[in-house]
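Here's a quick tour of a model, with the cut-offs spelled out as they come up. Have the viewer open while you read.

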Amino acid sequence: MGTAKRQPWVVGVSGASGTPYAASVVRGLLAAGESVDLIVSRAARLTILDETGISFRDAHWRADLAAWLGGDQGLDDVRYWPAGDFAAGPSSGSYPAKGMLVVPATTGAVAGIALGLSKDLLQRVASVTLKERRPLVVCVRETPLNGVTLKHLVELDAQGAVVLPASPGFYAGGSTVRELVDFVAGRVLDAVGVPHSLYLRWEGELGAAARRADGKPGPGAEGE
C-alpha cells in the first residue's frame, strides 16, 4: 500500500500582535487533518513571548509549539522551518505545498511580500506561493493603516492574494476573546476551503447565534 504524498499548508507567523490568531489557525488545520509547515519570524518569537510567556526556540520547537497550542495532538504532521533557512523546502516552487497563510501579518511583511523582497523565509515562501498561483491569505493585523500599506494590500490583491484583516465579527455570538480569535481564524480557513467548526455561521436569523450561545432554541427549533 503506497504512502500518500504530503501536501502541507505553510503557516507564516510574523511579528504583529495577534499570535493567538496563528495558534487557532494551526489548531484548525490539524483538526481538519491537514499537514502544516510552520515558519515563525524572529520578531514573532518576541511577540509570542510577550503575549503568552512562551519562548519559541528552534532547537525545542516541538515542545514550545505544544505549549503554545495547548497540547501536542496532531504535531506529528507539523514540520518547522527556521526563518533564516533559505534552503528550506517551501522556498522552492517544486515543493508540494497547498498554499500559505500569513497570520498575523505585519505591515512590514505586507510590504515585503507585495514588493517581492524575500528578506526572510516567510517572505520568500509567500513570493513562491504567488508565482506558483497557489492560495495566499494575508491576515494583516494593524490599525490604522496608512496610504503606503493600503497600496501594498491592493497590490497583493492584484497578484491574487486574499487580503483578510484580523477583524472579528460579532454576529456569530462571540462574547469571549477566544471566540473572537476563533472567528478570525475560521475566516482564514474559509478562504482556503478548509472545513472547521470555529464559529457559528450566519443562517439568516437575527439573534440566532446569541440564542444558541445561551443554550436557547432559535425560531422554529421546536416542533420541526
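## Strand S2

In S2, Val36, Leu38 and Val40 point one way while Asp37 and Ile39 point the other, and all of them are buried. Here buried means under 20% relative accessible area, exposed means over 50%, and partly exposed is in between, using a 1.4 Å probe and protein chains only. Strand S2 is mostly covered, with 5 of its 5 residues buried. In a regular strand, side chains alternate between the two faces of the sheet.

Before going on, some ground rules: this is a predicted model, where local features need pLDDT of at least 70, side-chain atom pairs count only at pLDDT 80 or more, and totals for chains, interfaces and linings use all residues. Residues are numbered from 1 along each chain as its sequence is written, and side-chain values use heavy atoms, with hydrogens and water left out. Helices (H or I, at least four residues) and strands (E, at least two) are DSSP runs, numbered from the N terminus.

Who pairs with whom? Two strands count as paired if DSSP finds at least two bridges between them. S1 and S2 (residues 36–40) run parallel and are joined by 5 bridges. Val10 sits opposite Asp37 of S2, and Val13 has Val40 as its bridge partner in S2. To get from S1 to S2 the chain goes through helix H1 (residues 19–31), and this β-α-β crossover is right-handed; that is, with the strands pointing away from the viewer, the path from the first strand over the helix to the second runs clockwise.

S1 also pairs with strand S4 (residues 99–105): they run parallel, with 4 bridges, and Gly12 is opposite Val102 of S4. S2, in turn, runs parallel to strand S3 (residues 78–82), joined by 5 bridges. Val40 stands opposite Pro82 in S3.

## H1 against H7

H1 packs with helix H7 (residues 177–191) at an angle of about 60°, their axes 8 Å apart. Axes are lines fitted to C-alpha atoms, for helices over the stretch in contact, and angles run from 0 to 180 degrees between N-to-C directions. That makes H1 oblique to H7: angles under 35 degrees count as roughly parallel, over 145 as roughly antiparallel, 65 to 115 as roughly perpendicular, and the rest as oblique.

On the H1 side, the residues in contact (heavy atoms within 4.5 Å) include Pro20, Tyr21 and Ser24, and H7 contributes, among them, Arg178, Leu180 and Val181.

## The S5–H6 loop

Glu142 is in the loop between strand S5 (136–140) and helix H6 (147–158). Glu142 is partly exposed, at 36% relative accessible area. Its C-alpha lies 9.6 Å from that of Gly18, though Glu142 and Gly18 are 124 residues apart in sequence.

Thr143 is in the loop between S5 and H6 as well, and is exposed at 59%.
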